[in-house]
Amino acid sequence: FAPWADASAKPYISFENITKKFGDFIAVDNLSLEIFEREFFALLGASGCGKSTLLRMLAGFEAPTSGRILLDGQDLAGIPPYRRPVNMMFQSYALFPHMSVEHNIAFGLKQDGMPKADIERRVDEMLKLVKLEQFAKRKPHQLSGGQRQRVALARSVAKRPKVLLLDEPLGALDKKLREETQFELVDLQHDLGLTFIVVTHDQEEAMTMADRIAILDKGEVVQVATPAEIYEAPGSRFVADFVGTVNLIEGELKERENGVARIEDGQGLTILTEDAGDAAAGDRVWFAIRPEKLKVSAAEPDRTDSNAAEGEIYDIAYLGDMTVFHIRLDDGRIVKASTMNSARVSQELLTWHDRAWISFRPDAGVVLTR
Ligand code: ATP
């Protein structure tokens with residue numbers, strides 16, 4: 001499933017040069033974005049970057065100051081929220097507390113004047129979908145947080161919208177439940193064949209669920225790509241730093257030859273890298289490398305790693321699945337390196353203040369020019 005890679009595929013939702021001003025304040029700044037049918041799309045950004053405003057404009061709760069939003073080729077301007085094939089899932093605390101689960105789910109269908117027998121059938125179907133058949137008669141306060149969340153979800157898809165908008169849908173859940181629910185949401189989205197657009201400031205959540213992610217900053221889209229592309233090939237320092245942890249080393253690209261670029265930081269560090277993007281000799285660049293791409297060893301590494309530097313272990317965090325090292329290189333720079341604990345860690349091979357080497361292959365990092 002990758003319609004965005006197919007040049008002939010038509011987007012289902014298009015934001016075209018959307019600007020939204022609140023008074024003088026520009027919340028969304030000439031933003032364009034395309035989302036495909038059945039895509040699980042995430043809008044990811046820090047608080048205040050405009051992601052909720054974007055969702056609210058698609059739902060019809062706000063109107064753009066300028067620009068157009070098209071859904072399946074139709075301009076949505078002037079179409080009220082209830083006539084758009086779009087529904088917004090609100091957090092579970094928006095359930096009606098005095099109504100049972102089934103009545104909560106039926107509420108919108110009744111309002112639409114659906115015949116009683118059809119409503120019953122639809123509610124049963126929804127209860128089955130979110131695995132809450134036995135809880136139909138309960139009130140929201142008699143459910144766990146995760147179950148309430150599923151009711152909210154069932155209620156929001158009961159009307160069979162074409163597009164479901166989810167604004168921080170899992171914010172109220174604890175970490176473990178949030179992780180489980182992320183997978184459930186993806187399964188549900190597959191089963192229903194709907195387009196989901198989720199707003200989140202949680203990069204792990206976006207990475208886990210989304211087919212593609214748009215990273216927003218100050219009302220603008222800075223990158224749209226799959227989770228793996230965003231992580232492995234961030235387009236800028238902002239994205240590299242926003243998603244995951246990264247080591248950034250500033251330097252000058254000295255030369256590109258035979259597919260290898262040489263970067264020097266002016267303080268004695270030389271980096272050889274294969275992926276130098278569109279950087280040219282003489283450019284100021286940032287070499288970005290993720291902690292798990294750095295190897296840590298007590299002894300000097302062998303030749304397969306063309307890049308190596310020595311330093312001292314300055315901090316260690318044992319996280320169960322992995323161990324994170326902060327290493328102060330001999331030039332004073334601190335780098336973060338992590339190792340997977342694929343075998344049981346029965347003794348500490350490296351500890352505080354040990355001398356250690358870091359090394360990495362020439363294809364382990366990327367060169368950024370902005
Ligand atoms: P959060 O994660 O905190 O919800 P967000 O990225 O969803 O943030 P938005 O809610 O879209 O951000 O808001 C974007 C900017 O627009 C913020 O600076 C916000 O203060 C401002 N804003 C949003 N709605 C209004 C409004 N009705 N009037 C004035 N300013 C607004």
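This is a predicted model: local features need pLDDT of at least 70, side-chain atom pairs count only at pLDDT 80 or more; totals for chains, interfaces and linings use all residues.
1. Phe-41 has Arg-212 in S9 as its bridge partner. These two residues belong to strand S3 (residues 40–45) and strand S9 (residues 212–217), which run parallel and are joined by five bridges. Helices (H or I, at least four residues) and strands (E, at least two) are DSSP runs, numbered from the N terminus. Two strands are taken to pair if DSSP finds at least two bridges between them.

2. Residue numbers run from 1 along each chain as its sequence is written.

3. S3 is also joined to S8 by five bridges, and these two strands run parallel. Here the bridge partner of Phe-40 is Phe-196 in S8. S3 is mostly covered, with six of its six residues buried; a residue is buried if 20 or more other C-beta atoms lie within 10 Å of its own, exposed if 12 or fewer, and partly exposed in between, with C-beta atoms placed from the backbone. Phe-40, Ala-42 and Leu-44 are buried on one side of S3, and Phe-41, Leu-43 and Gly-45 on the other. In a regular strand the side chains alternate between the two faces of the sheet.

4. Contact requires that the C-beta atoms of two residues, placed from the backbone, lie within 7 Å. The buried residues of H1 are Lys-51, Thr-53, Leu-54, Leu-55, Met-57 and Leu-58. Gly-60 follows H1 and has a positive phi, near 100 degrees.

5. Which residues are around the ligand? They are Phe-22, Phe-25, Ala-27, Gly-45, Ser-47, Gly-48, Cys-49, Gly-50, Lys-51, Ser-52, Thr-53 and His-201; a residue is near a molecule or strand if its C-beta atom, placed from the backbone, lies within 6 Å of it. Strand S2 (25–35) and H1 are the elements that give two or more residues to this shell, and H1 provides the largest share, three residues. By class, the shell holds four nonpolar, seven polar and one charged. Ala, Val, Leu, Ile, Met, Phe, Trp, Tyr, Cys and Pro count as nonpolar, Asp, Glu, Lys and Arg as charged, and the others, Gly among them, as polar.

6. The chain is assigned domain 1 (3–240) and domain 2 (245–368), with bounds from an automatic or database domain assignment. Their C-alpha centres lie 39 Å apart. Five residues from domain 1 and six residues from domain 2 make the contact.

7. Overall, the chain has eight helices and 20 strands. Of its 370 residues, 36% are buried.
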